[in-house]
Amino acid sequence: MFDLIVSEGVLSEVEDVLTRPRLAKWITHDDAVAFFRSIRTTADVVVVPFAIPETLRDSDDDYLVALARKNGADYIVSGHKDLLEWEEQNPPVVTPAAFDKLLNAE
């Protein structure tokens with residue numbers, strides 16, 4: 001079992017990306033909207049009103065680390081190269097496939 005923690009900014013980005021016309025050959029608009037809505041209803045949506053220290057190569061992603069740390073996350077689940085190659089790994093960053101393996105190992 002796990003708790004999904006996400007910020008409003010991440011939700012907006014997911015919605016924007018999944019509804020792009022170039023992705024229509026992989027996911028229908030209706031499926032994208034349904035997926036987005038399921039995330040919104042199952043996740044703990046949190047606000048990021050705190051100072052965000054510079055942590056990563058790409059400072060645009062620093063808020064993800066700050067969000068994870070502020071909320072006591074055990075893992076950051078991402079396929080983003082900058083996060084996966086981050087040397088500090090606190091909390092650890094795992095790919096979605098690796099996280100699935102962790103969940104199924106329990």
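**Exercise 1.** In this predicted model, the side chains of Glu88 and Arg69 meet in a salt bridge. State the N to O distance and find where in the chain each partner lies.

*Solution.* Step 1: the distance from N to O is 2.6 Å. A salt bridge requires the nitrogen to be within 4 Å of the carboxyl oxygen, so the pair qualifies. Step 2: Glu88 belongs to the loop between α4 and β4, and Arg69 to helix α3, so the bridge ties together parts 19 residues apart in sequence. Step 3: Glu88 is partly exposed, at 47% relative accessible area. Arg69 also counts as partly exposed, at 35%.

**Exercise 2.** Determine which residues are joined with Arg57 into one network of salt bridges.

*Solution.* Step 1: Arg57 forms a salt bridge with Asp82, whose closest N and O atoms are 2.5 Å apart. Asp82 is in helix α4 (residues 81-84) and Arg57 in the loop between β2 and α3, 25 residues apart. Step 2: Arg57 also meets Glu85 in a salt bridge, at 3.0 Å from N to O. Glu85 sits in the loop between α4 and β4, so this pair links parts 28 residues apart in sequence. Step 3: through shared partners, Arg57, Asp82 and Glu85 form one network.

**Exercise 3.** Classify Asp82, Arg57 and Glu85 as buried, partly exposed or exposed.

*Solution.* Step 1: Asp82 has a relative accessible area of 15%. Buried means under 20%, so Asp82 is buried. Step 2: Arg57 has 60%. Exposed means over 50%, so Arg57 is exposed. Step 3: Glu85, at 42%, is partly exposed.

Terms used: Residues numbered from 1 in each chain as written. Predicted model: local features only at pLDDT ≥ 70, side-chain atom pairs only at ≥ 80, totals over all residues. Heavy atoms only, no water. Helix = DSSP H or I, 4+ residues; strand = E, 2+ residues; numbered from the N terminus. Buried < 20%, exposed > 50% of the residue type's maximum accessible area, 1.4 Å probe, protein only.
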